[in-house]
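Please consult the sequence and structure shown here.

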Amino acid sequence: MPIYLDHNAGAPLRAEAAAAISRLLADGRGNPSSVHRSGQRSRRSLEAARAQVAAVVGAEPRQLVFTSGGTESNNLAVFGAIAAASRRRKIISSEIEHSSILAPLAELERRGFDVVRVASDSDGRIDRERVLAALDAETALVTLGLANSEVGTIQDLASLASACRDIGALLHVDAAQAVGRIAVHVNALGCNLMTLSGHKLGAPAGIGALYIRDYAKFAPTVFGGPHENGMRAGTPNLLGAVAFGAAAEVAMNAMSTESDRITSLTASLLARLRDAIPGLRLNGPLVGRLPNTINLTFPGVLGESMLIALDLEGVELSMGSACAAGAVEPSHVLRAMGRSVADARSSLRISLGWSNTAEEIAAVAEIIPSVWRRVASAEPLSEVSAR
């Protein structure tokens with residue numbers, strides 16, 4: 001069986017989520033919006049799932065809108081905030097955000113909005129003072145990721161909430177990578193909007209949620225019915241929602257012990273790889289990073305070559321965000337952190353999760369250095385640098 005180390009792209013389906021889907025397939029028949037008995041049974045299942053997902057971030061169930069995933073939640077947050085922002089035309093974000101934030105902002109910029117992209121430091125930390133300096137009465141939205149999907153850096157966003165509130169801007173937190181891996185609470189962050197993604201927790205792909213604080217000035221972007229409290233028209237993905245709820249509940253209940261376990265496995269792997277590969281570089285901070293994520297620059301090789309060679313050995317990882325798979329350009333996150341094109345193209349992301357075992361990590365600690373030595377000997381350093 002392959003050793004799967006790409007949990008940031010999507011975690012394997014949890015047994016509890018699969019069981020929730022099976023129960024619903026066996027018992028559920030109705031549309032949650034229907035008034036008959038089957039419809040109301042489905043409605044109860046949907047609302048129970050909403051409560052489970054809301055609980056993992058300390059939200060009220062009524063504040064949660066189910067979506068098709070993190071990308072839709074981010075798009076809904078950005079365009080929904082702007083649609084209700086009256087004459088405000090400024091959005092503040094950063095250079096290291098996920099593509100589902102960067103692309104909507106590029107579209108708004110094309111429409112004439114003022115988009116400020118704050119730089120990060122060499123560890124992927126966003127400068128709080130630069131965000132505050134950009135805030136003014138024209139700002140409609142500040143949208144930032146809580147934990148970076150590629151290098152795992154955790155941002156201090158709670159300190160921005162009061163300044164956003166004072167100026168009348170909404171604070172959106174993309175927490176897709178953070179929820180279930182570190183403690184996340186909407187009130188502690190003070191955010192108005194928060195993105196969640198089901199398949200990062202062990203639900204199937206195609207289900208997500210957006211938290212919307214009660215007083216947030218927000219407008220729907222999809223019309224056609226009163227579903228999801230009028231915030232997102234369309235019959236909800238009931239199978240996805242119940243699976244999301246089951247996965248969220250398991251992740252929340254296991255978080256403290258699971259975080260310690262994953263932290264230990266990741267630290268062990270990093271230490272062994274550093275001992276075995278001279279010149280190996282960690283991208284991102286040693287402290288203040290998601291416990292499951294390590295992004296590494298491998299000297300003298302192309303990341304693509306390592307990726308393919310490792311896959312042939314049964315080790316599955318990635319070069320960065322899954323949404324950028326197949327892209328020719330090097331990671332925009334690593335480039336924004338000051339890495340050269342050559343270093344960015346020589347980097348791989350390893351992201352552990354609930355399905356990984358100590359035995360797998362011990363095996364990987366032997367396989368990766370062996371593959372690196374083989375690839376490095378076959379791939380001259382001058383050729384790598386030229387690319």
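Eighteen residues, written as 18 in the count, line the second largest pocket, and Ala140, Gly168, Ala169, Leu170 and Lys217 lie nearest its centre. A pocket is an open set of points on a 1 Å grid over the protein atoms alone, with protein on both sides within 12 Å along at least five of seven lines; lining residues have an atom within 4 Å of a point. The model is predicted, so to speak of local features requires pLDDT of at least 70 and of side-chain atom pairs pLDDT 80 or more, whereas totals for chains, interfaces and linings use all residues.
- α6 (161–167) and β6 (170–174) each supply at least two lining residues, and α6 gives the largest share, three residues.
- The lining comprises 11 nonpolar, four polar and three charged residues.

**Largest cavity**
- One cavity of 30 Å³ or more is found in the whole structure, a cavity being a set of points where a 1.4 Å probe fits but cannot get out.
- The largest cavity holds about 220 Å³ of space, and of its 19 lining residues Arg14, Gly180, Arg181, Glu258 and Trp354 are closest to the centre.

**Whole chain**
- The protein chain has 13 helices and 12 strands, which are DSSP runs (helices H or I, at least four residues; strands E, at least two).
- Of the 387 residues, 53% count as buried, meaning under 20% relative accessible area with a 1.4 Å probe.

Technical notes
Residues are numbered from 1 along each chain as its sequence is written. Side-chain values use heavy atoms; hydrogens and water are left out. Ala, Val, Leu, Ile, Met, Phe, Trp, Tyr, Cys and Pro count as nonpolar, Asp, Glu, Lys and Arg as charged, and the others, Gly among them, as polar. Grid points are joined across faces, edges and corners, and a volume is the space filled by probe spheres set on the points. Buried means under 20% relative accessible area, exposed over 50%, partly exposed in between (1.4 Å probe, protein chains only).
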